[in-house]
Amino acid sequence: MVPRSSVSPRTDLRWSYPSGRTFCPKQGTRSFTPVQNCGTSEGTQLIGTGLSTKVVETILHFRAPSMRKLYALKWRVFTSHDVVTERFTAGLSRSTLKVYMAAIGAYHIPLGGMSLGKDPIGILFPPWCSEAEACSSYQGANMGSEKKKSCLISDVSLRHQPGSGGSTLGMQVLWHFRRDLRCARAIDSDIDTKELSKQVLDLFLLSNEEHAEQDQKTVLLLLDTKGKRDNNLPIKNELWENLIKEIHDRGINTQTPVVILLDWNTEDFSLKDTLFLASKPSEDKIKLLKEKLPQQIRLQRKSQWKVTTINLLCDEDSGGSALAVEILQELSDKFTCETWKDPFRTEISENKEFTREIENLANELFRKYKTHKKPVLLLLDHSDDEPLRYLLKKLQSKLQQDQTDGPAFVIINAVTKSVVRGKGHVKLKLELLPEEKERFAQKSLEIEKKHKEMSKTFHAFNIMRGGFQREDAEKVITGEMVNLIEKDKTSSSTKVLSFLALINSYVPGSHLSKSLCEKFTDGKPSVEEIMKPFMDLIVIFSDGKANCIRLKHPMIADACLKMVIKNNLTRFDITLDFLNKMVKGNESDYEQICKRLLFTRPQGLTGKEMFSRLILDIMREGKTNECIGLLERASHLFSTNPFYPQALSRLYYIKVTEKRKYREAEKWAKEAIERDPKTSHIRDTLGQVHKNHLSRIWTGSIWVNVNKPFTDTRLRVAESAIKAFEDEEKAAEDKLDDDTKFNIWGHFGFLQVCKEIYDLISPKNPLEQQYHDFINDLRGKVESKYDFFEWYLTFSSPSIKKEELEYVRRDVEDCYKLYFTQGTQTEEETLNERKQKTFAGMLNFLKSDINVLKQNLSAIEKPQSEDETQTVLYILANLILSQAGEPAGGTEELQDMLQKLWSTEAEGRSPEFYLLVLLLFWPDEAKPNPPNLGDCVQYMSQSYKRTYQKHLHRRFLVPLFFYGKGEGLQRLVHALKPHQNSRLHQMDLMLLAEVYESVEVECLQRIEGKVEDHRVFAVRNGQQIEVNAYKQAKVSKQGRVSFYLGFTIRGPVAFNITYHNCEYMLYLSDL
């Protein structure tokens, strides 16, 4: 990834070289500059094509000054010959000819859009001038199909492991399409996606004040960025939203994509991957799975993770599980192979029984691992993979003290689905398929024949060819290199090599500045001379602004780091030396590297790891105090960055065992807050410190009896924790804006603390009277926060594929039950009584057992007064009962009640009221003088903005109901828990949200509509009612459409929009 310092201060967008070929001047322009104008600069040539000065500056900035000088020289040589072909028949090498070709491409102005290869000038070059396209033909196939589809935005995804060649492939794809598309690259930095979207649209339109005529051409944008923001929002999703808004604001109508996003991201396939096998697979598909599954197992067998997973999603009639069993049998000599059919028999909701079942399964697997002393290859064959998370956590906890190298468990999680649709990711892994091995073998022969002895120094290629084996990387380290390290561990060459090994191992793709290395070595002699014994392992290159130095491959970095550690240079020694000798005084240059080294937590199987990879590795050596030393040093170097003291605080309260742990943890948490007082997530750490302190007292050996001194101590800690979480809540509220996702963890932490201390303040405790005011204050806040989570978790979720973590709702409900259960009432009765009093709570009965639903809703009586809240709840109760097939009030009666309220035209109504109006009146076309549904949608949107938007912003709004087939209330289909009291299956919902082409869902009714001005309307009885599009990018042009209608708390939403009377269907990759 490229740090901020390497980005042009004007823009985050770099045009792919050579940009000059992507712009077409007016007809009649000469195909290349005449000889007499050979002195004209490249910038002048580009401005002559109609580009603004700012754009030309961006293009020229992409090339290093040395490259610009070289191209200018070659251009002068090319244009200075009376017989132009003389230079190109003089026996120049292919590489030299390519430099000429690139230089001419930079200065050459195309004729009528013709590329250099098609221009008459192209006859000067041999037929291999299109070699780049041949190299990218395989990767380009998907891109070509994207361009032919009709949609505003498309994406092509590449997931690659560092060292697999993914970054090189990304740039190769840009090169391949440079003639047909306008290619650009957004490099990794704190990208302003709003500004970037404007630049992309400028590039698509290619217009400026002097040249108003627009020349539309699809932009191919390489997102060479980190996958997510610090707030956990994917950059691609954020950019996608801003692009759509910008397209609509500019009123762009086009039959081709505005932009194709190349979503290039690294991914650790050694930890997990997902494979697919669809219905009735062909022999080729079966063969491919038989190759890919062993490939993934081999890759994970080399992993450093203790537990790894392979998700195998199989269609019901694919035979995927049987194929997996065959593969297990073939690998039985290398693994202890186990197959468990339907291993999870108990529902997660039945907590105690489920916990016991998971514990027993984990114990049995761990026993077999210890008995056979080799990794367990486990096939879980089942239909519900939700409980897998709990099994993984149990296995990981049992392996904390395991010191073996490599995984203990490789789990193939075979899940049978009614419909399986695989994503179109291109994946590059550090393991080869059989066909790839054959191609590498053939290419190796060519290279050896051409380069002879020099081919042995092509280390990255040789590592790839050998299947990314550690042994191949270790072989490149010669005995001479080892002897040099052994003899002098303090030499400049040893230090630079150890720095490179450290950063390239833990931050693949990173590099050191050559000039800073020379400064470190006093510049005498040069870096090349100092590093001469190791130059075989090193690459020196330009990033466009300066010369940089790195090792040739991440696996070479791993091998070098292993070698220097073996010679008594520890990770701590190298890192501290790096901070003191390279980072100090150059903090801005190494900010991103240090961030990833010291506090960026990698994603594990069940969530983020506790600390960065480097910190975890040092702690595994039992050197927690060294980790503290590194973080303290970095905290002083980066004196305004809040994340170093935050990481220090977490390290103290989680891992340190001394008496001072909480005092130090509190000190560093407060330091982080002082550096960034407005960020709520920074404040969360202080609350977690106090909560952890409270928990330790609770479970520690010093706690024996409930008596006043201990009670006072715990309540004091609890008050500190509550204050910290309330401060976090306030910071979260204060910082809400259009780009912010609301932070709920202050609310949740408060409830967790209240749950922890309940025994001290319960009515059974004689000390309750002493803390009466404190207790009453807590009860009121517990009730308020419970109500918040009730609607927050009901109306929204992190995404359509992911629900909130199960323990969140469980802990929220447990806390409420503790504080409000009284007398002979059971905890469940207390909770259900509260649910009956809120709209969101009543909706949750749809997730319950049918008997629970009947018991709690059938007794709700019709309100005698015109109280709007009670009327809304009564109508909802009847609607829910009808969904479960139970007797309910008549549709007309419920409509009359709503219509009477509607006629009062009260202000400040809730979104829930308008939702019921839409649900009850949309299906019924016979009702005279119904409410105006167009007005209802508008009022509901306004009410949602007032009530929920700031807290639900950037979360997936759950479709609560869909418009289905049938009469009256039976025409509504609930979607809160598909397939439970519902005609809608979970897979139906996934298809509606993710599938690109038109799908048919048996229980739902398609709605006729139209698209105008990038807005979607349902057409009903001649009335146009505006609805939200689930995927706005599908609204690419005007015309008649149909869609499935869902209802969220914000309003009606069009799913699976399909255009009518078109020669093609809209295609859109999932966000």
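**Note on selected local features of the predicted model**

1. Asparagine 568 is placed in the loop between helix H21 (554–566) and H22; helices (H or I, at least four residues) and strands (E, at least two) are DSSP runs, numbered from the N terminus. The phi angle of asparagine 568 is near 70°, a positive value in a residue other than glycine. With 61% relative accessibility, asparagine 568 counts as exposed, where exposed means over 50% relative accessible area, buried under 20% and partly exposed in between (1.4 Å probe, protein chains only).

2. On the basis of the note: this is a predicted model, in which local features need pLDDT of at least 70 and side-chain atom pairs count only at pLDDT 80 or more, while totals for chains, interfaces and linings use all residues. Residues are numbered from 1 along each chain as its sequence is written, and side-chain values use heavy atoms, with hydrogens and water left out.

3. A second residue with positive phi is aspartate 1013, at a value near 50° in a residue other than glycine. Aspartate 1013 lies in the loop between strand E19 (1006–1012) and strand E20 (1015–1020). Its relative accessibility is 55%, so aspartate 1013 counts as exposed.

4. Helix H22 (residues 571–583) packs on helix H23 (residues 591–598) at an angle of about 165°, with the axes 12 Å apart; axes are lines fitted to C-alpha atoms, for helices over the stretch in contact, and angles run from 0 to 180 degrees between N-to-C directions. H22 is therefore roughly antiparallel to H23 (angles over 145 degrees count as such). Thr575, Phe578, Leu579 and Val583 of H22 make the contact with Ile593, Cys594, Leu597 and Leu598 of H23, contact meaning heavy atoms within 4.5 Å. By class, this contact of H22 with H23 has seven nonpolar, one polar and no charged residues (Ala, Val, Leu, Ile, Met, Phe, Trp, Tyr, Cys and Pro count as nonpolar, Asp, Glu, Lys and Arg as charged, and the others, Gly among them, as polar).

5. The whole structure holds 59 salt bridges, a salt bridge being a side-chain nitrogen of Lys or Arg within 4 Å of a carboxyl oxygen of Asp or Glu. One of them joins lysine 427 to aspartate 273, with the closest N and O atoms 2.7 Å apart. Lysine 427 is in strand E11 (residues 426–428) and aspartate 273 in strand E6 (residues 272–277), so the pair ties together parts 154 residues apart in sequence. Lysine 427 is partly exposed at 29% relative accessibility, whereas aspartate 273 is buried at 5%.

6. Arginine 298 and glutamate 431 also meet in a salt bridge, at 2.9 Å from N to O. Because arginine 298 lies in helix H10 (residues 283–301) and glutamate 431 in the loop between E11 and helix H14 (434–451), the pair ties together parts that are 133 residues apart in sequence. Arginine 298 counts as partly exposed at 31% relative accessibility, and glutamate 431 as buried at 5%.

7. A further salt bridge, 2.4 Å from N to O, pairs aspartate 787 with arginine 834. It links distant parts of the chain, with aspartate 787 in helix H32 (residues 772–795) and arginine 834 in helix H34 (residues 827–835), 47 residues apart. Aspartate 787 is partly exposed at 21% relative accessibility, and arginine 834 is buried at 15%.

8. Glutamate 813 lies in helix H33 (residues 806–820) and counts as buried at 15% relative accessibility. Leaving aside neighbours within four places in sequence, glutamate 813 is in contact with Tyr786, Leu831 and Lys835.

Conventions. Angles under 35 degrees count as roughly parallel, over 145 as roughly antiparallel, 65 to 115 as roughly perpendicular and the rest as oblique.
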